[in-house]
Amino acid sequence: MNIVSTASDLMQDFKTGYLTLASPRSMFISQVIGTAFGCVISPCVFWLFYKAFDDLGNPDGAYPAPYAIVFRSMALLGVQGFSALPKDCLLLCYVFFGAAILINLIRDVAGKKAGKFIPIPMAMAIPFYLGPYFAIDMCVGSLILFVWERVNKAKADAFGPAVASGLICGDGIWTLPSSILALAGVKPPICMKFLSRATNDKVDNFLSG
């Protein structure tokens with residue numbers, strides 16, 4: 001599976017290079033160099049995360065490692081069968097699968113004017129897969145883009161994808177300085193955490209004395 005995924009990424013890069021009139025040879029050489037660097041950088045980054053964060057891989061932590069959870073669930077499902085799934089899990093899968101197809105059909109039939117107000121099932125599924133923090137980032141980014149389009153639609157259409165890509169990359173790159181600060185024992189002056197209603201009530205009762 002990893003080989004197929006890597007080959008798919010490589011073909012996508014070659015297609016991008018073809019569209020931008022880049023040299024196939026330079027693309028291949030850059031892929032080789034990037035792979036060589038990745039063999040060194042990836043273990044170092046993993047070691048940095050492993051040493052800096054005690055809850056690495058914890059589903060309730062800051063870095064839940066969603067791919068690890070998915071592959072573990074697939075392994076359990078392959079060994080134990082459908083009995084490893086929670087109650088009514090298959091029923092929910094069938095319902096949401098049908099709902100996704102129905103929503104996509106409605107988007108296609110409704111046309112561009114009405115279709116832009118119908119949510120995309122794939123986009124709605126991402127927060128369930130990666131966690132709520134991603135949904136908050138997407139919501140804030142969408143609001144910024146909405147206001148930007150109202151102010152200057154031409155510039156928003158031209159620079160919106162580039163700005164969004166930069167923000168996404170910046171969010172990912174910040175994890176490295178964050179890991180270094182965690183190893184150094186530096187703690188932020190303020191933290192924000194979202195609690196469930198029940199936990200929030202307990203905290204309020206505790207604070208109220």
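This is a predicted model: local features need pLDDT of at least 70, side-chain atom pairs count only at pLDDT 80 or more; totals for chains, interfaces and linings use all residues.

Analyst: Residues are numbered from 1 along each chain as its sequence is written, and side-chain values use heavy atoms, without hydrogens and water.

User: Why is H2 called oblique to H8?

Analyst: Helix H2 (residues 24-52) and helix H8 (residues 175-183) pack at about 45°, with axes 9 Å apart. Angles under 35 degrees count as roughly parallel, over 145 as roughly antiparallel, 65 to 115 as roughly perpendicular and the rest as oblique. H2 is therefore oblique to H8.

User: Which residues of H2 make the contact with H8?

Analyst: Val45, Leu48, Phe49, Lys51 and Ala52 of H2 do, contact meaning heavy atoms within 4.5 Å. On H8 the residues include Leu176 and Ile180.

User: What makes Lys153 and Asp157 a salt bridge?

Analyst: The term requires a side-chain nitrogen of Lys or Arg within 4 Å of a carboxyl oxygen of Asp or Glu. The closest N and O atoms of Lys153 and Asp157 are 3.6 Å apart, so the pair is a salt bridge. Both residues lie in helix H7 (residues 153-173), four residues apart, about one turn of the helix. The structure holds one salt bridge.

Conventions:
Axes are lines fitted to C-alpha atoms, for helices over the stretch in contact, and angles run from 0 to 180 degrees between N-to-C directions. Helices (H or I, at least four residues) and strands (E, at least two) are DSSP runs, numbered from the N terminus.
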